[in-house]
Amino acid sequence: MSENIKRNSYSATEKFRNFLKEIDGNRAKLALEASVSARTIARIRAGENVSSSTARNTHKAARKPLFGYGGTFESAFSQV
């Protein structure tokens with residue numbers, strides 16, 4: 001992994017991982033809205049690191065009314 005990717009890695013907070021558990025049936029829809037794979041959503045839910053763009057796209061999609069996440073980006077992801 002390059003230094004640039006390591007420096008821009010984010011991990012989902014416990015709050016956001018719990019949110020992903022709550023929308024269990026809609027995770028595939030969230031992946032589609034965020035332009036990521038369902039596997040990426042599963043990785044986020046498992047606490048694995050993702051790039052800053054993946055974290056931001058996922059948070060932006062989660063805030064849509066269909067999913068209803070009301071937290072800030074900082075409440076959803078932390079930089080590692």
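Predicted model: local features only at pLDDT ≥ 70, side-chain atom pairs only at ≥ 80, totals over all residues.
**Stop 1: the aromatic residues**

Begin by selecting Tyr10 and Phe73. Their rings form an edge-to-face aromatic pair, with 5.5 Å from centre to centre and 65 degrees between the planes. Tyr10 belongs to strand 1 (residues 9-12) and Phe73 to helix 6 (residues 73-76), so this pair ties together parts that are 63 residues apart in sequence. Are Tyr10 and Phe73 buried or exposed? Tyr10 is buried, and Phe73 is buried as well.

Phe77, like Phe73, is buried.

Arg56 lies over the face of Phe73, at 4.1 Å from the centre of the ring.

To complete this view, select Tyr10, Phe16, Phe19, Tyr69, Phe73 and Phe77 together: these residues form one aromatic cluster. Across the whole structure, a search finds six aromatic pairs.

**Stop 2: the nonpolar core**

In soluble globular proteins, nonpolar side chains tend to be buried together. Which residues have the most contacts inside the largest nonpolar core of this model? They are Phe16, Phe19, Leu20, Leu30, Ile41, Ile44 and Phe77, in a core of 21 residues. Colour the model by element to follow the contributors: strand 1, helix 2 (14-22), helix 3 (27-34), helix 4 (38-45), helix 5 (52-62) and helix 6 each give two or more residues to this core.

Now centre the view on Leu20. Leaving aside residues up to four places away in sequence, Leu20 touches Arg27, Leu30, Ile41, Ile44 and Arg45.

**Stop 3: Ala12 in strand 1**

Select Ala12, which is placed in strand 1. Its relative accessibility is 3%, so Ala12 counts as buried, given that buried means under 20%. Ala12 and Phe77 are 65 residues apart along the chain, yet their C-alpha atoms are separated by 4.3 Å. With residues up to four places away in sequence not counted, Ala12 touches Arg17, Ile44, Ala76 and Phe77.

**Stop 4: how the helices pack**

Two packed helices are described by the angle between their axes and the distance between the axes. Show helix 2 and helix 4. These two helices pack at an angle of about 130 degrees, with their axes 9 Å apart. Helix 2 and helix 4 are therefore oblique to each other. On the side of helix 2, select Phe16, Arg17, Leu20 and Lys21, which meet Ile41, Ile44 and Arg45 in helix 4.

How are helix 3 and helix 4 oriented to each other? Their packing angle is about 110 degrees, and their axes are 8 Å apart; helix 3 and helix 4 are therefore roughly perpendicular to each other. The residues that make this contact are Arg27, Leu30 and Ala31 of helix 3, together with Ala38, Ile41 and Arg45 of helix 4.

**Stop 5: loops and accessible residues**

Select Ser35, in the loop between helix 3 and helix 4. Most residues other than glycine have a negative phi. The phi of Ser35, however, is near 60 degrees, a positive value in a residue other than glycine. Ser35 has a relative accessibility of 66% and so counts as exposed.

Move to Gly25, in the loop between helix 2 and helix 3. Gly25 is exposed, with a relative accessible area of 71%. Gly25 and Leu66 are 41 residues apart in sequence, and the distance between their C-alpha atoms is 12 Å.

Select Lys29, which is placed in helix 3. At 45% relative accessibility, this residue counts as partly exposed. Lys29 touches Leu66 and Phe67, when residues up to four places away in sequence are not counted. From Lys29 to Gly68, 39 residues away in sequence, the C-alpha to C-alpha distance is 13 Å.

Thr72 is partly exposed, with a relative accessible area of 46%. Thr72 and Lys60 are 12 residues apart in sequence and 9.6 Å apart in space, C-alpha to C-alpha.

Notes:
Residues numbered from 1 in each chain as written. Heavy atoms only, no water. Phe/Tyr/Trp six-rings, centres within 6.5 Å; stacked < 30°, edge-to-face > 60°. Helix = DSSP H or I, 4+ residues; strand = E, 2+ residues; numbered from the N terminus. Buried < 20%, exposed > 50% of the residue type's maximum accessible area, 1.4 Å probe, protein only. Lys NZ or Arg CZ within 6 Å of the ring centre and 35° of its normal. Core = buried A, V, L, I, M, F, W, Y, C linked by side-chain atoms within 4.5 Å. Contact = heavy atoms within 4.5 Å. Axes fitted to C-alpha atoms, helices over the stretch in contact; angles between N-to-C directions. Parallel < 35°, antiparallel > 145°, perpendicular 65-115°, else oblique.
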